[in-house]
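Subject: Handover of a structure

Dear colleague,

Please find the structure below, together with its sequence.

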Protein chains: 2
Amino acid sequence: MAEKKANAVQLRQIREACRTCSLSDLCLPVALESPDVDALDNIVQRRRPLSRGDVLYRAGGRFNAIYAVRTGALKSMSVSEDGEEQITAFHLPGELVGLDAISFGTHPSTACALETTSICEIPFGELEDLAEEIPGLQRQLLRIMSKEIFSEQEMLHALARRTAEQRLAILLISLSDRFSRRGLSATRFRLPMSRHELSNYLGLAPETMSRLFRRFAENGWITAAGKEIVLEDPQGLRAMTNGGSAPVHRGIGRASDA
Amino acid sequence: MAEKKANAVQLRQIREACRTCSLSDLCLPVALESPDVDALDNIVQRRRPLSRGDVLYRAGGRFNAIYAVRTGALKSMSVSEDGEEQITAFHLPGELVGLDAISFGTHPSTACALETTSICEIPFGELEDLAEEIPGLQRQLLRIMSKEIFSEQEMLHALARRTAEQRLAILLISLSDRFSRRGLSATRFRLPMSRHELSNYLGLAPETMSRLFRRFAENGWITAAGKEIVLEDPQGLRAMTNGGSAPVHRGIGRASDA
DNA sequence: GCAACGCTTTGATCTGTATCAAGGCGTTGA
DNA sequence: TCAACGCCTTGATACAGATCAAAGCGTTGC
């Protein structure tokens with residue numbers, strides 16, 4: 001079929017972009033050697049980009065597909081009865097979105113673009129069908145899913161019972177790690193979310209966020225100009241995420257000063 | 001084979017206990033109608049009971065199997081560098097333990113019995129092998145896993161950014177739901193964990209826990225005698241978990257008085 | 001160019017919960 | 001029966017971070 005051929009070509013084109021994606025373990029090692037390569041690629045759909053504020057799916061909506069972020073960023077959020085929105089996750093390029101709907105059949109949360117964002121859509125039913133045909137794909141699927149799910153859970157645990165300072169440090173390090181895993185700079189990046197969204201996610205008041213950024217900068221750990229962040233002293237940051245006991249700030253100037 | 005026959009008999013015996021287990025979706029609907037019923041049952045091993053404090057697996061240990069709690073209860077915990085233990089989950093009868101190791105190959109946390117506890121062990125490799133043979137089992141597996149994982153995650157989100165009062169209420173309701181789902185009373189149960197373990201899990205000081213229990217009793221929401229708990233007013237409890245805005249306590253006596 | 005708006009920052013105050021410090025009470029062992 | 005221990009409770013105090021209030025400042029639209 002001409003269609004299949006077209007897809008095969010397309011596959012080669014996107015392979016580069018896919019290499020740092022969470023799905024790459026699914027797409028590449030398994031699919032590469034098999035004639036099923038087209039089958040897997042066939043079900044992955046590229047959609048037209050979302051703009052800031054666009055909703056990918058809404059809480060309560062039917063679960064049809066999972067998504068991989070290609071560029072840009074999304075937030076997952078749930079809205080409580082009293083109308084307050086609570087951000088439950090940020091999704092950066094290469095990460096999967098919508099996994100929390102697998103067991104329910106409907107989306108428990110709403111996914112919304114933080115900036116202009118392009119995504120891959122993987123219809124879940126077709127993926128499952130495929131997994132039954134391609135040996136090994138099933139295992140990969142389970143591992144990838146549980147990895148994505150648990151890395152989020154780890155984050156939650158890491159944030160629980162931490163001071164405001166530690167939470168922000170943990171988040172910055174997490175973002176750094178996630179950017180660098182996708183081949184971007186680990187020390188210099190642009191926050192895709194506003195201060196307000198950050199504070200919402202971390203469970204802090206926006207005012208506290210603001211004060212923290214200032215304090216972090218005073219301590220020489222970061223340089224922050226709006227959303228542009230430079231991690232000047234990742235070690236210093238990392239140090240204070242450990243043992244809630246470690247005394248922090250207090251002193252003036254950067255930790256590395258003599 | 002005699003062994004197979006013995007297992008078939010055993011299967012019938014345990015089926016009752018299994019009916020309320022998280023694995024029942026795996027064991028029963030799928031396996032019941034298939035000749036593979038023995039195959040699935042064969043790989044599930046009953047182990048001798050754990051006593052309070054016994055460790056099921058230790059953080060860092062190799063991942064071989066997942067477990068289902070039959071009776072009793074477990075806690076999952078991680079120990080930070082400074083030696084502080086942090087409880088990350090409680091596992092009640094019918095729930096699965098060890099899922100967080102799937103993606104890593106090693107256990108990220110330690111599982112420890114809160115009281116005398118009996119469990120089923122399901123070697124994961126064999127389960128995966130089986131899933132490749134039995135159509136549908138793979139899907140069930142994925143759904144069950146993601147359900148178990150996400151219900152924990154929901155709990156974490158529910159606890160984040162809540163007052164101490166709300167956290168305890170949320171936990172009590174969660175326990176109530178989980179007990180009742182397994183056929184036990186939703187309003188009268190025995191806490192398997194100590195106040196200290198509770199406070200650790202909820203991220204509160206033990207003293208705060210104590211004060212909360214008193215306040216809850218004063219408000220007529222619960223009656224607590226040691227670990228024996230009676231939910232006198234589940235609605236009252238549920239009400240205060242919602243919208244952090246709702247004013248709580250303050251007044252004297254139970255909410256339903258007038 | 002200016003006004004209006006939203007986001008961020010800064011300052012002052014208030015409060016929930018931790019922490020410190022004892023005291024009660026049930027349980028274990030001699 | 002009594003002492004010793006651990007767990008839980010109770011009270012007093014301290015502090016991190018929320019909340020209230022208002023002022024900068026960059027953006028958007030006219």
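I begin with one residue and its surroundings. His107(A) touches Tyr57(A), Arg58(A), Ala59(A), Gly60(A), Gly61(A), Arg62(A), Phe63(A), Ala65(A), Gly98(A) and Ala101(A), leaving aside residues up to four places away in sequence. Please bear in mind that the model is predicted.

Where in chain A does His107(A) lie? The residue sits in the loop between strand S6 (96–97) and strand S7 (110–113) of chain A. Is His107(A) buried or exposed? Its relative accessible area is 2%, and because buried means under 20%, His107(A) counts as buried.

Next comes chain A as a whole. The chain contains nine helices and eleven strands. Of its 258 residues, 50% are buried. Among the contacts in chain A with a separation of 6 or more, 72% are between residues 24 or more positions apart.

I turn now to the interface. Chain B and chain A bury about 3600 Å² between them, with 54% of this area on carbon and sulfur atoms. Which residues of chain B lose the most area to chain A? They are Gln138(B), Leu142(B) and Arg161(B), which together account for 18% of what that side buries. The contact involves 39 residues from chain B and 39 residues from chain A.

The interface also has charged and polar pairs. The rule finds eight salt bridges across the interface of chain B and chain A. In a salt bridge between Arg143(B) and Glu128(A), the side chains meet at 3.2 Å, N to O. Across the interface of chain B and chain A there are also 14 residue pairs in polar contact, both residues at pLDDT 80 or more.

Which elements of chain B give two or more residues to the side that touches chain A? These are strand S5 (85–91), helix H4 (124–133) and helix H5 (137–159) of chain B. The largest share of that side comes from H5(B), with 15 residues. By type, the residues of the side of chain B that touches chain A divide into twelve nonpolar, 15 polar and twelve charged.

With kind regards

Notes:
Residues are numbered from 1 along each chain as its sequence is written. Chains are lettered from A and ligands numbered from 1 in the order in which they are written. This is a predicted model: local features need pLDDT of at least 70, side-chain atom pairs count only at pLDDT 80 or more; totals for chains, interfaces and linings use all residues. Side-chain values use heavy atoms; hydrogens and water are left out. Helices (H or I, at least four residues) and strands (E, at least two) are DSSP runs, numbered from the N terminus. Buried means under 20% relative accessible area, exposed over 50%, partly exposed in between (1.4 Å probe, protein chains only). Contact means heavy atoms within 4.5 Å. Buried area is the accessible area (1.4 Å probe) that two parts lose on being put together, summed over both. A salt bridge is a side-chain nitrogen of Lys or Arg within 4 Å of a carboxyl oxygen of Asp or Glu. A polar contact is a pair of N or O atoms within 3.5 Å; within protein, one must be able to donate a hydrogen and the other to accept it, and residues adjacent in sequence count only if both atoms are side-chain atoms. Ala, Val, Leu, Ile, Met, Phe, Trp, Tyr, Cys and Pro count as nonpolar, Asp, Glu, Lys and Arg as charged, and the others, Gly among them, as polar.
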